[in-house]
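Dear colleague,

Please find below the structure that I am handing over to you. My findings follow directly after it.

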Amino acid sequence: MKLFRFQLQFLIPLGVTLIVAVVLAFPLMDALTQRWFSRDLGLRSALVASALSESINKAVSGQNIERLHPLFDRTLKDERLTALGLCRSDGRLLLSTPEYPVGLSCAQANEISHRSPPRLVSEAGTMHISIHPIALDSGESVELIQLHDLAFVERRTLLSRQYFVIFVVLLGLVIALTTVVAAQLSWRAWIKGIRGILRGEDVARAPLSPAPPELPADFAADIRARLRDLEDEYHRNHGSSEHWSAARLRSLLRTQLRSDQVIVASNREPYIHERQNDQIIVSQPASGLVTAIEPVMRACSGTWIAHGSGGADREMADKQGCLALPPGTSEYTLRRLWLSPEEEAGYYSGFANGGLWPLCHLANMLPVFRDVDWVHYQTVNRRFAEAIIAEARVEDPVVLVQDYHLALVPAMVRERLPRATIISFWHIPWPNPEAFLICPWRSEILHGMLGSTIIGFQTRHHCRNFIDTIDRTLEARIDHERSTILYHGAESLIESYPISIAWPESAEQEKWPSVIEHGAEVRRQHGLPESSRIILGVDRLDYIKGIPERLAAFERLLEASPEWLGKLVFLQVAAPSRESMQEYQMARARVAHCVGRINARFGWPGYQPVHLLARHHDRAEILALYRAADVCMVSSLHDGMNLVCKEFIAARDDERGVLLLSQFAGASRELPEALSINPYHVEGMATALQQALEMPLAEQRERMASMRMAVREANVFRWASRMLSDASRQRLHERVTLRVQRHHDA
Ligand code: F6P
């Protein structure tokens with residue numbers, strides 16, 4: 001169809017051009033034909049005059065003009081010759097044949113014969129007039145007038161026109177046909193050539209390899225170049241097409257970073273030891289940071305420095321606070337730092353979670369900044385920095401500093417280990433500059449962070465906010481093109497690295513009970529009927545998670561669609577978090593209040609619409625919940641990334657279940673197939689819940705399969721690898737600069 005349209009585009013102008021050519025050619029052709037015939041008639045009349053001259057001389061000289069009649073009649077047998085006349089030199093008409101126009105005098109005939117063309121238009125038709133003098137014996141002369149009929153000339157002209165039109169039409173048809181056939185052949189050759197390039201038959205060869213013969217070489221080169229650009233862009237955005245795994249990350253460490261030492265520092269530790277009765281139990285905290293970093297540490301076998309916050313942590317560690325983890329497999333070392341209750345209150349609950357946390361999250365909670373907290377924050381950051389320096393076995397370790405608890409650490413480490421590669425990752429949102437300016441110690445925080453080689457954020461938007469904040473606060477040179485900040489002679493790269501989870505290994509997945517078994521187990525545990533539908537929420541109990549808002553949406557759904565009563569339950573896991581803080585106690589009370597209200601309104605003995613599971617759940621329990629749920633609801637008011645949604649997706653190997661995801665969570669940018677919700681719009685969320693509960697299985701599968709592919713690809717090993725690759729490039733650059741400097745000095 002497209003080709004046909006393309007051919008029409010060519011054929012229409014061709015047709016128009018030919019018509020114009022014909023129209024323009026007609027007057028020219030007519031003029032030429034007339035001229036040829038005039039010349040022809042001129043010659044013919046000269047011949048006739050010459051043939052008759054002898055007889056005319058004799059007849060006129062012998063005063064016997066009558067003798068000329070039969071001669072003239074014979075001469076007129078030529079069909080084109082219409083009439084003859086004979087004039088004396090004084091202009092008197094001596095003789096004329098019957099067809100000679102009445103009233104045409106010798107003088108008029110003479111005058112017409114000198115015109116160009118010499119034409120007479122009369123009632124008898126159009127005639128060509130020629131006059132030839134004939135010398136007489138007496139020395140005088142007479143003039144022979146010949147009138148030729150021009151009707152045949154007009155007939156010939158018409159005929160020529162017809163032949164010309166037929167010729168042009170045939171020519172047009174031949175041109176059109178040839179062009180269409182040539183276009184078809186050339187089109188096919190182009191398509192074949194381009195397909196070859198797209199299939200990689202050609203692009204895989206070096207750019208110097210010849211282009212397919214049908215394609216112009218420069219055009220093929222352009223396509224190849226563009227494909228390479230797209231390939232690069234894809235790799236930049238998605239990493240290589242090879243699946244990112246722990247093994248691949250390890251090999252990257254060995255090759256690109258030459259197994260350089262990796263040290264991670266975070267406030268939260270990966271395993272907490274608590275004493276329960278006479279036993280010490282170990283658990284993993286509910287923390288996105290731990291979910292993401294732990295698999296990376298297993299792959300890198302480094303040292304993880306974190307606050308030892310568990311009641312039995314000291315008992316499980318050596319004198320330096322170190323122990324091998326994970327329990328049983330010992331793949332990396334955890335070094336626990338011990339904080340006094342005052343330090344923990346000031347640094348963690350005060351400055352980090354009472355100040356920076358609400359500052360960075362738009363959740364209608366005002367940040368509180370107090371001098372005493374700031375002092376503790378600095379002291380604890382110094383302790384972390386000292387621990388990192390003490391752990392460093394080489395002068396240039398790779399140090400991964402995690403989150404807003406340790407903003408000052410990079411600059412502190414940089415002072416003592418100037419050649420270290422320091423990667424800071426900010427797990428939570430970075431606010432706009434106006435909001436950040438609220439912090440009384442904003443310059444110190446930014447100065448501390450700019451000790452990093454790389455500062456990573458969850459989204460590009462957070463990067464832009466950070467760069468704008470630097471612009472408004474410090475004297476630094478910003479290179480927007482390269483996304484770098486030059487500050488006090490050192491450069492930091494500001495880049496977005498969306499964090500993720502480790503995709504479950506197939507061996508692990510094979511051990512999972514089936515979805516049906518998990519569903520039955522969860523329903524049994526919570527006393528739910530077999531046919532009940534489940535909406536699930538899994539969060540730390542934090543005011544940014546939007547738990548009351550999602551419960552209000554559930555309440556609205558029950559109001560609007562009472563047919564769900566008795567058939568639908570909301571299971572809300574709310575892991576206790578930051579419980580010593582008043583804001584969190586209030587958040588907990590608010591959630592409990594919502595749950596009580598909904599259950600009182602819509603429940604009855606034997607049916608409780610909302611189950612609040614306000615305790616710590618281990619990974620196996622959470623997995624069962626994810627697999628039992630019909631809908632998973634993430635309604636954060638603001639969230640850096642949110643890994644619950646990615647864990648839910650990874651758990652659903654049956655490709656069922658619907659994800660409702662807040663548009664204010666970083667993950668929403670990567671998961672467009674989720675049902676997007678605005679946690680501030682209760683009715684909108686209720687409608688989305690209804691849509692999720694009624695979603696056909698085929699649609700669930702479409703959406704889930706696509707999200708599973710996205711999360712599997714963009715897993716946490718890719719997250720770490722991208723940062724480490726960028727770091728290794730940076731290190732290489734520094735080493736080369738150093739060597740060049742040495743040569744220079746030498
Ligand atoms: O993801 C943000 C974050 O603050 C992490 O840094 C932290 O580990 C997690 O939430 C849980 O918070 P907390 O460590 O205070 O329990």
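Asn277 sits in the loop between strand E7 (272-276) and strand E8 (279-283); here helices (H or I, at least four residues) and strands (E, at least two) are DSSP runs, numbered from the N terminus. Although Asn277 is not a glycine, its phi is positive, at about 55 degrees. Please note that this is a predicted model, in which local features need pLDDT of at least 70 and side-chain atom pairs count only at pLDDT 80 or more, while totals for chains, interfaces and linings use all residues. Residues are numbered from 1 along each chain as its sequence is written, and side-chain values use heavy atoms, with hydrogens and water left out.

Most residues other than glycine have a negative phi, and most peptide bonds are trans. A cis peptide bond links Ser116 to Pro117, with omega about 0 degrees; Pro117 belongs to the loop between helix H3 (106-113) and strand E3 (119-122). Another cis peptide bond, with omega about -10 degrees, links Leu325 to Pro326. Pro326 lies in the loop between strand E10 (322-325) and strand E11 (332-337).

Turning to the ligand, the residues that surround it are Arg268, Ser287, Leu289, Tyr348, Trp357, Asp403, Tyr404, His405, Ile428, Arg540 and Arg578 (a residue is counted if one of its heavy atoms lies within 4 Å). This shell comprises five nonpolar, two polar and four charged residues, where Ala, Val, Leu, Ile, Met, Phe, Trp, Tyr, Cys and Pro count as nonpolar, Asp, Glu, Lys and Arg as charged, and the others, Gly among them, as polar. An oxygen atom of the ligand is 2.3 Å from an N or O atom in the side chain of Asp403. For the side chain of Tyr348, the corresponding distance from a ligand oxygen to an N or O atom is 2.5 Å, and for that of Tyr404 it is 3.3 Å. On its own the ligand has 370 Å² of accessible area, of which the protein covers 91% (Shrake-Rupley method, 1.4 Å probe).

Two helix pairs also deserve mention. Helix H17 (residues 547-560) and helix H18 (residues 582-602) pack at about 10 degrees, with their axes 9 Å apart (axes are lines fitted to C-alpha atoms over the stretch in contact, and angles run from 0 to 180 degrees between N-to-C directions). H17 and H18 are therefore roughly parallel, a term for angles under 35 degrees. By class, their contact (heavy atoms within 4.5 Å) has ten nonpolar, no polar and six charged residues.

The axes of helix H19 (residues 619-628) and helix H20 (residues 644-651) come within 9 Å and cross at roughly 70 degrees. H19 and H20 are therefore roughly perpendicular, the term for 65 to 115 degrees. Arg619, Leu623, Tyr626 and Arg627 in H19 meet Val644, Glu647, Phe648 and Ala651 in H20.

With kind regards

Conventions:
Parallel < 35°, antiparallel > 145°, perpendicular 65-115°, else oblique. Polar contact = N/O pair within 3.5 Å; in protein donor to acceptor, adjacent residues only side chain to side chain.
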